[in-house]
Amino acid sequence: MPQPATRKPGLTVFFPAYNDSGTIASLVITALQTARALTPDFEVIIVDDGSADATAQIADELARTYPEVRVVHHGRNRGYGGALQSGFKAATRDLVFYTDGDAQYDPSEMTRLWDALDDSVDLVNGYKISRSDPVHRIVIGRVYHHTVKLLFGLNVRDVDCDFRLLRRSIFEQVSLEKTSGVICLEMMKKIQDAGFRVAEVPVHHYHRTHGKSQFFNFGRLFKTAIDVAKLWVALVVRREHLRPEPRGMSAEAVPPQPRDRA
């Protein structure tokens, strides 16, 4: 007797985008083609993080052309962490994949992550086969990677490979607060400490063909160092994310806390 077909999970694909007018259209079209081959239930979301170029207009045109595409607009730039938070909040499917809007990763390789996700895995984390960046960025990236792995006790190969597929249910237990690029470090530390299971898959990393990185300048590097130090105190020293909510207090009853705008 034939067995009923197993229902494929729904998939949200989203792109945090800031001044990515030269790449976002091709990324979205590739994502649509790839997602359609994986599951009939999918959506693609573009998070325009207050771009100053034509990213917003191109995103809106993509949404008019393809019914599976939605756009989230930020009236002002909220930072990379703010864009990721908006993407996760806007996602409606059981599985969520995201990568950046600058085309340094190929969305078609999400099939590698999809194939690695089974009942024993909650998150599939990509890691760069080889980093296609200028030498100074490679050196700084390696120093950062090994430093934060040691400081935060992380078990992943590549903390900052923004090519991930994860279960949306993770965010029923994990809350993200950072609005800067250290949100990736925050996310992986909290997911690991919550006991979620992580698989890792190699993916390609390509040269940036449009725009320029907003990260690699001395002012931004100094600010990142401060952000990492604050995060280390909160998550490693104080272990604030592991503290249980006080009994007898509903979420509405907890007094609001100042939001970290790092």
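These are notes on the fold of a predicted model.

1. Basis. Local features need pLDDT of at least 70, side-chain atom pairs count only at pLDDT 80 or more, and totals for chains, interfaces and linings use all residues. Residues are numbered from 1 along each chain as its sequence is written, and side-chain values use heavy atoms, with hydrogens and water left out.

2. Sheet. Seven strands form an open sheet in the order E3-E2-E1-E4-E6-E5-E7, and the pairing is mixed. Two strands pair if DSSP finds at least two bridges between them. Strand E3 (69–73) and strand E7 (198–203) are the edges, each pairing on one side only. From one strand to the next the twist averages 20°.

3. Helix packing. Helix H1 (residues 24–38) packs on the sheet and touches strand E1 (11–17), E2 and E3; its direction makes about 170° with that of E1. Angles run from 0 to 180 degrees between N-to-C directions, with axes fitted to C-alpha atoms, for helices over the stretch in contact. Contact means heavy atoms within 4.5 Å.

4. E2 and E3. Strand E2 (residues 42–48) runs parallel to E3, joined by five bridges. Val44 has Val69 in E3 as its bridge partner.

5. Burial. Of the 262 residues, 44% count as buried, meaning under 20% relative accessible area (1.4 Å probe, protein chains only).

Notes. Helix = DSSP H or I, 4+ residues; strand = E, 2+ residues; numbered from the N terminus. Buried < 20%, exposed > 50% of the residue type's maximum accessible area, 1.4 Å probe, protein only.
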